[in-house]
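Please open the structure in a viewer and keep the selection tool at hand. The stops below are set out in the order in which they may be visited.

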Amino acid sequence: MTSYETILTETRGRVGWITLNRPEALNALNSQVMHDVVTAAEAFDADEGIGAIVVTGSERAFAAGADIKEMSDKTGLDMLMGDHFGAWGRFAAVRTPVIAAVSGYALGGGCELAMMCDIILAADTAQFGQPEINLAVIPGMGGTQRLIRAVGYYKAAELVLTGRTMPAEEAERAGLVSRVVPAAELLDEAGKVADTIASKSLPSVFAAKAALDAAMETSLAEGLRFERQAFASLFDTADQKEGMAAFREKRKPDFTGR
Ligand code: CO8
């Protein structure tokens, strides 16, 4: 297993775990974190033995944002030409479902990283927000776009324009978080969700994630066309035959990922 500077990685069964590990900076996302997370996520994604990925931080912070100290002296041209945050697009593009297990602060780029994942589970201590306006900038890793899709225009506008932080319960009510659990149970719960996904047939999991992504990115008509094609293509897998045969024979399916 590769070792990284700013994250810890582990494989448990068919689940790849990525733990942000910059406690001195509340897991602020500098270039090295981006490089490490993207490299680890792509390695898990390329491994057919992995069916789900969990990304988590510490009890105190999932991530307190992009690294302000790294950014503060940059010019607009530096930001534009350096494409400092571009690689996060590769993280959002992995085919394997990613679960964000969020405890403590998920602010700015931290909230945006959680929103690049497919499922957000939150500890009751979690706090979400896009406080960039307090620094005289705006979200730059998807916050103005993905937050609206998650919680609707008006709530997203309030959070982005005021910089207010929202607690886990409010984030769940708003639809950003799928479930809030006691902090001590967060990693176990994330592991259970990940194990469940990883037990399914991988081609159908990839297809489901791709179709869900299409819903976020395209019109209804295009999304429905994509879904129909993806649905049909799964009938060429051995796992589809196995899944439906197992149902008819009243037994558990034995999927091979083929
Ligand atoms: N960047 C760098 N260092 C940080 C960050 C950060 N985002 N957040 C915390 N730290 C550091 C602190 O500087 C401190 O280090 P030190 O001890 O060396 O001074 C250490 O982490 C602990 O932090 P605090 O002492 O501040 O801890 P508190 O418990 O008092 O406060 C808070 C916790 C409320 C989370 C506070 O740290 C805070 O407000 N942090 C900044 C939150 C923020 O503004 N995040 C948004 C950043 S901007 C952003 O994310 C833009 C993303 C898109 C960019 C894309 C461009 C293309």
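Predicted model: local features only at pLDDT ≥ 70, side-chain atom pairs only at ≥ 80, totals over all residues.

A polar contact is a pair of N or O atoms within 3.5 Å.

**The ligand and its polar contacts**

Select Gly109 together with the ligand: a backbone N or O atom of Gly109 lies 2.8 Å from an oxygen atom of the ligand. Next, display the side chain of Lys69, where a polar atom is 3.0 Å from an oxygen atom of the ligand. How much of the ligand does the protein bury? Taken alone, the ligand exposes 1100 Å², and the protein buries 64% of that.

**The shell around the ligand**

Now widen the selection to the 23 residues around the ligand, of which Arg60, Ala64, Ala66, Ile68 and Gly109 come nearest. Colour the model by secondary structure, and three elements can be picked out as giving two or more residues to the shell: helix H2 (68-71), strand E6 (105-107) and helix H5 (109-116). Which element supplies the largest share of the shell? That element is H2, with three residues.

**Helix H5**

H5 is mostly covered, with eight of its eight residues buried. Among them are Gly109, Gly110, Glu112 and Leu113, as well as Met115 and Met116. Cys111 also belongs to the buried residues of H5, and its relative accessible area is 2%.

From Cys111, turn to Cys117. Cys117 is likewise buried, with a relative accessible area of 8%. A disulfide requires the two sulfur atoms to be within 2.5 Å. Cys111 is accordingly in no disulfide, and the count for the structure comes to zero.

**Aromatic rings**

Select Tyr153 and Tyr154 next. A search of the whole structure finds three aromatic pairs. Tyr153 and Tyr154 form an edge-to-face pair, 5.1 Å centre to centre and with 85° between the planes. Is Tyr154 buried or exposed? Tyr154 is exposed, at a relative accessible area of 71%.

Then centre the view on Trp17 and show Arg12. The charged end of Arg12 sits over the ring of Trp17, at 4.1 Å from the ring centre.

Move to Ala183, in the loop between strand E10 (179-181) and helix H9 (186-198). Ala183 counts as partly exposed, at 32% relative accessibility.

Finish at Ser3, located in the segment before strand E1 (7-12). Ser3 is exposed, with a relative accessible area of 67%. Draw one further distance, from Ser3 to Leu135: their C-alpha atoms are separated by 34 Å, and the two residues are 132 residues apart along the chain.

Note on methods: Residues numbered from 1 in each chain as written. Heavy atoms only, no water. Phe/Tyr/Trp six-rings, centres within 6.5 Å; stacked < 30°, edge-to-face > 60°. Buried < 20%, exposed > 50% of the residue type's maximum accessible area, 1.4 Å probe, protein only. Lys NZ or Arg CZ within 6 Å of the ring centre and 35° of its normal. Near = heavy atom within 4 Å. Polar contact = N/O pair within 3.5 Å; in protein donor to acceptor, adjacent residues only side chain to side chain. Areas by Shrake-Rupley, 256 points an atom, 1.4 Å probe, with all protein chains shown as cover. Helix = DSSP H or I, 4+ residues; strand = E, 2+ residues; numbered from the N terminus.
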